[in-house]
Amino acid sequence: MERAVSLLRAGELVAIPTETVYGLGADASNPVALAKIFAAKGRPADHPLIVHIADASQLDEWAIDIPQAARKLTQAFWPGPLTLILKRRPGVPDLVTGGQETVGVRVPDHPLALQLLKAFGGGIAAPSANRFGHISPTTAQHVRDELGDAVELVLDGGPCAVGIESTIVDLSRGTPVVLRPGMISAAEISRVLEAQATLDQADSTSTPRVSGSLESHYAPSTPMRLVLARDLDDEVSRLLAAGQRVALLSATSSPGFPPRQWRQAAVDARPYAHDLYAHLRYLDSLGADIILVELPPLDAPWTAIHDRLSRAAHQA
Ligand code: TXA
Ligand code: MG
């Protein structure tokens, strides 16, 4: 922890565990340190970063004109997997905001991240600690696999409890807009706000830019396809008969399917999200010709999972 703090103070990168995914952290007030994040990830400089803070009382150091809605949401969900987009305070580095007039902020719900934020004192800008466009890391080993020596220190906080990235809510436009769905649903946000939060997954050309909104994102290197449960056995047989090496993520395996090439998908959304990226990483490591993923249920708790699956399956 001491080393992490001194590295951050010295403008170096530290990978940190959060409840969602691991983040690649740097001092959010130091442009030289921030530039190292973009270099390590291979990420375009106009993609804004989320500022992580120790508690909601630090919000005013990053944002201005904070609406009542923000106070309600922070009380209900922080620390937790919710990022708020607010009007930026003048002086927040352009590398954090991507040059926009807004800033993304959240308080992560992980004891090590909170301990580090308190000890450091300032904000830590941290995107997911993966190479740009690739699958987000949910263990310390994933971070090493993704970034190697590009990050000095990885704080190992175990596997991430939630497993997919935070819900992003834009409160800078008057009405609340969900820019990226997460395990805190639009319905839960609407209930707390007593106002309808709309789901707007902006396309990659609109502003504000959300890199999660690029169509191909969170993606394994192996081509990936989503298949309806009722078509799965037929599709697997067809591909195997054609001599294809198939990797499979599904609730039940197909008859005779090689066990090493199958990961069992959970039937509830929370455990499914928890394991999703580790499963995709494993299946991607097999060198298969294709990853088939059984389409999960379509009802509300699965919205964020469908978002990630369809982006992972999108062929750029
Ligand atoms: O769960 C998470 O949010 C993780 C952990 C590490 O906190 N972080 C994460 O960061 O997913 P990243 O950079 O991989 O994704 C953050 C998304 C990006 O798509 C970025 O464009 C968007 O948040 N974002 C950040 N600031 C924004 C802003 N001012 N306006 C619109 N989108 C913003
Ligand atoms: Mg990311």
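Over the ring of which residue does the charged end of R308 sit? The charged end of R308 sits over the ring of Y218, 5.3 Å from its centre. A charge is taken to sit over a ring if NZ of Lys or CZ of Arg is within 6 Å of the ring centre and within 35 degrees of the ring normal.

This is a predicted model, in which local features need pLDDT of at least 70 and side-chain atom pairs count only at pLDDT 80 or more, while totals for chains, interfaces and linings use all residues. Residues are numbered from 1 along each chain as its sequence is written, chains are lettered from A and ligands numbered from 1 in the order in which they are written, and side-chain values use heavy atoms, with hydrogens and water left out.

**The sheet**

Four strands form an open sheet in the order β12-β15-β13-β14, with parallel pairing. Its edge strands, each pairing on one side only, are β12 (224–227) and β14 (262–264). On average, neighbouring strands of this sheet are turned by 15° against each other, direction ignored. Helices (H or I, at least four residues) and strands (E, at least two) are DSSP runs, numbered from the N terminus. Two strands pair if DSSP finds at least two bridges between them. Axes are lines fitted to C-alpha atoms, for helices over the stretch in contact, and angles run from 0 to 180 degrees between N-to-C directions.

β12 runs parallel to β15 (residues 290–294), and 4 bridges join the two. L226 has V293 in β15 as its bridge partner. Helix α10 (residues 303–313) packs on the sheet, where it touches β12 and β15, and its direction makes about 135° with that of β12. Contact here means heavy atoms within 4.5 Å.

β13 pairs with β15 in the parallel sense over 4 bridges, and the bridge partner of V246 in β15 is I290. β13 also pairs with β14 in the parallel sense, over 3 bridges; the bridge partner of L248 in β14 is W262.

**Buried elements**

Strand β13 (residues 246–250) has 5 of its 5 residues buried, so it is largely enclosed by the rest of the structure. Buried means under 20% relative accessible area, exposed over 50%, and partly exposed in between (1.4 Å probe, protein chains only). In a regular strand the side chains alternate between the two faces of the sheet. V246, L248 and S250 on one side of β13 and A247 and L249 on the other are all buried, and both faces are covered.

Helix α10 is mostly covered, with 9 of its 11 residues buried. Among them are H306, D307, R308 and R311. The buried residues of α10 pack against β10 (177–180), β12, α9 and β15.

**Aromatic rings**

Rings of Phe, Tyr and Trp (its six-membered ring) pair if their centres lie within 6.5 Å; planes under 30 degrees apart count as stacked, over 60 as edge-to-face and the rest as tilted. The count comes to 2 aromatic pairs.

| Pair | Centre to centre | Angle between planes | Class |
|---|---|---|---|
| Y218 and Y277 | 6.5 Å | 10° | stacked |
| Y272 and W302 | 5.2 Å | 75° | edge-to-face |

Y218 lies in the loop between β11 (198–199) and β12 and Y277 in helix α9 (residues 269–284), so this pair ties together parts that are 59 residues apart in sequence. Both Y218 and Y277 are buried. The other pair links Y272 in helix α9 with W302 in the loop between β15 and α10, 30 residues apart. Y272 counts as buried at 5% relative accessibility, and W302 counts as buried at 5%.

A further ring has a charge over it: the charged end of R263 sits over the ring of Y282, 3.8 Å from its centre.

**Backbone features**

W78 and P79 are joined by a cis peptide bond, with omega about -10°. P79 is found in the loop between α3 (68–77) and β5 (82–88).

D65 has a positive phi of about 50° although it is not a glycine. D65 is in the loop between β4 (63–64) and α3, and at 55% relative accessibility it counts as exposed. E194, likewise not a glycine, has a positive phi of about 50°. E194 is in the loop between α7 (186–193) and β11 and is exposed, with a relative accessible area of 73%.
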